[in-house]
Amino acid sequence: MTGPYLGSGSTIRTRIALVYGGAFLVLGTVLLLVVNLLVLAGTDDRTDAIVARSGGVAVVEASELGDDISRAAGQQMLMWSCLALLVMACCAVVVGWWTAGRVLRPVHEMTARARRLSERTLHDRIAVSGPDDELKELGDTIDALLGRLETAFDSQRRFIANASHELRTPLATQRAAIQVGLDDSCDVRQILLDSNRRSERLIDGLLLLARSERGLAERDDVALGDVAEDEYPDAHVTGDGGVVRGSRVLLAQLVRNLVANAVTYNVPGGTVEVRAEGGVLTVTNTGPVVPPDEVAGLFEPFRRGEGRDRMGPGAGLGLSIVRSIAEAHGGRVRAVARGAGEGGGLVVAVTLPSATASSPEAPRVGPP
């Protein structure tokens with residue numbers, strides 16, 4: 001059942017209808033019980049009066065006849081009262097269901113609108129219309145919360161983008177000064193250049209991350225197999241690899257980051273396999289055995305594999321950029337660690353929406 005849930009398996013609308021019908025049944029039972037008792041007492045009094053007017057003729061027979069009539073009248077009234085009560089209780093449940101539906105309709109609308117919101121559509125609002133009541137106050141409160149969230153997200157993205165742009169110029173200046181000011185025989189020159197290049201890669205990664213988190217302004221039909229083969233000529237493509245909707249530039253960066261990550265975290269003499277089929281890109285590599293409970297953490301920014309220090313060649317943004325690009329395309333990323341008997345490493349699968357489908361299912365990821 002759809003709608004706002006209050007308990008397991010039951011909606012607020014159902015519970016309101018049942019409570020409404022139950023309350024009517026209890027109050028109706030009390031009312032009919034009182035009425036029947038009063039009618040029974042009144043019937044006994046009237047029966048005694050009728051017997052007294054019989055003038056002593058067949059008093060016993062008249063009394064018995066009066067009792068029978070009173071008893072029959074009471075039974076009939078009780079039977080028809082109970083039947084009428086049950087019918088009215090069912091009607092009360094139906095009326096309660098209808099009334100609850102009318103009252104909760106704005107809640108259903110707010111829920112539907114809220115489900116369509118994401119970090120990329122925070123500019124939308126619930127915009128509840130109608131009288132200035134508690135439901136409108138709730139909708140306005142949610143809209144105010146969305147406004148604050150939108151401001152926070154925009155501020156974060158602008159900060160990343162602006163900081164990245166501002167840092168590029170001094171880094172370029174430093175690189176030029178190092179190359180010009182220090183000759184090749186200087187031991188410090190290569191260390192400074194490596195540090196400078198690492199900083200530039202970090203800035204480029206932050207820029208790409210900020211760009212992908214803003215979403216896609218335009219989407220084109222992109223052959224995923226062609227992108228995989230362009231970025232990794234040894235990729236295995238089944239059919240055309242699938243035609244997806246998105247940005248070819250960002251998808252190329254996604255493939256590039258996945259392959260670079262698979263190569264970087266590999267073992268000497270290891271293998272990297274790239275497979276594209278039906279809108280699903282799968283990258284498999286050998287490498288150190290990753291504990292299953294640590295796989296999800298590899299997609300967080302600035303997380304590196306075991307044994308990688310912060311001064312190494314990577315910036316720790318590779319897989320986080322992959323996830324961000326996939327989500328910007330409406331896709332999903334799944335990763336599974338391979339055991340030692342399979343050569344270790346990871347199987348990373350990216351599922352992207354095809355040109356004809358809008359909600360792809362995540363693939364079952366496993367060793368090929």
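Is Asn-285 buried or exposed? At 7% relative accessibility, Asn-285 counts as buried, where buried means under 20% relative accessible area, exposed over 50% and partly exposed in between, with a 1.4 Å probe and protein chains only. The structure is a predicted model, in which local features need pLDDT of at least 70 and side-chain atom pairs count only at pLDDT 80 or more, while totals for chains, interfaces and linings use all residues. Residues are numbered from 1 along each chain as its sequence is written, and side-chain values use heavy atoms, with hydrogens and water left out.

Of the 368 residues in the chain, 34% are buried. The accessible surface comes to about 22100 Å², and carbon and sulfur atoms hold 59% of that area; accessible areas come from the Shrake-Rupley method with a 1.4 Å probe, and for residues only the protein chains shown count as cover. Counting contacts (heavy atoms within 4.5 Å) between residues at least 6 apart in sequence, 62% join residues at least 24 apart.

The sheet comes next. Five strands form an open sheet with mixed pairing, in the order β4-β6-β7-β9-β8; two strands pair if DSSP finds at least two bridges between them. The edge strands are β4 (236–237) and β8 (332–337), each of which pairs on one side only. Strand β4 runs parallel to β6 (residues 272–277), and two bridges join them; His-236 has Arg-275 in β6 as its bridge partner. Further along, β7 and β9 run antiparallel and are joined by five bridges, with Thr-284 partnered by Val-347 in β9. Six bridges join β8 to β9, again an antiparallel pair, and here the bridge partner of Arg-332 is Thr-351 of β9.

Returning to the opening residue, Asn-285 has its place in strand β7 (residues 280–285). Its side chain reaches the backbone oxygen of Ala-262 at 3.1 Å and the backbone oxygen of Tyr-265, also at 3.1 Å. Leaving aside neighbours within four places in sequence, the residues in contact with Asn-285 include Ala-262, Tyr-265, Thr-271, Arg-338 and Leu-346.

Helix α7 (residues 318–328) is mostly covered, with eight of its 11 residues buried. Among the buried residues of α7 are Leu-319, Ile-321, Val-322 and Ile-325. Just after α7, Gly-330 takes a positive phi of about 80°.

Charged pairs complete the picture. The structure holds five salt bridges, each defined as a side-chain nitrogen of Lys or Arg within 4 Å of a carboxyl oxygen of Asp or Glu. In one of these, Arg-323 pairs with Glu-300, the closest N and O atoms being 3.6 Å apart. Arg-323 lies in helix α7 and Glu-300 in the loop between β7 and α7, so the pair ties together parts that are 23 residues apart in sequence. Arg-323 is partly exposed at 28% relative accessibility, and Glu-300 is partly exposed at 35%.

The side chains of Glu-231 and Arg-256 also meet in a salt bridge (3.1 Å, N to O). This pair links distant parts of the chain, with Glu-231 in helix α5 (residues 224–231) and Arg-256 in helix α6 (residues 248–264), 25 residues apart. Glu-231 counts as partly exposed at 27% relative accessibility, and Arg-256 is partly exposed with a relative accessible area of 38%. A further salt bridge joins Arg-275 and Glu-273 (2.7 Å, N to O). Arg-275 is partly exposed at 27%, and Glu-273 counts as partly exposed at 28%.

How values were computed
Helix = DSSP H or I, 4+ residues; strand = E, 2+ residues; numbered from the N terminus. Polar contact = N/O pair within 3.5 Å; in protein donor to acceptor, adjacent residues only side chain to side chain.
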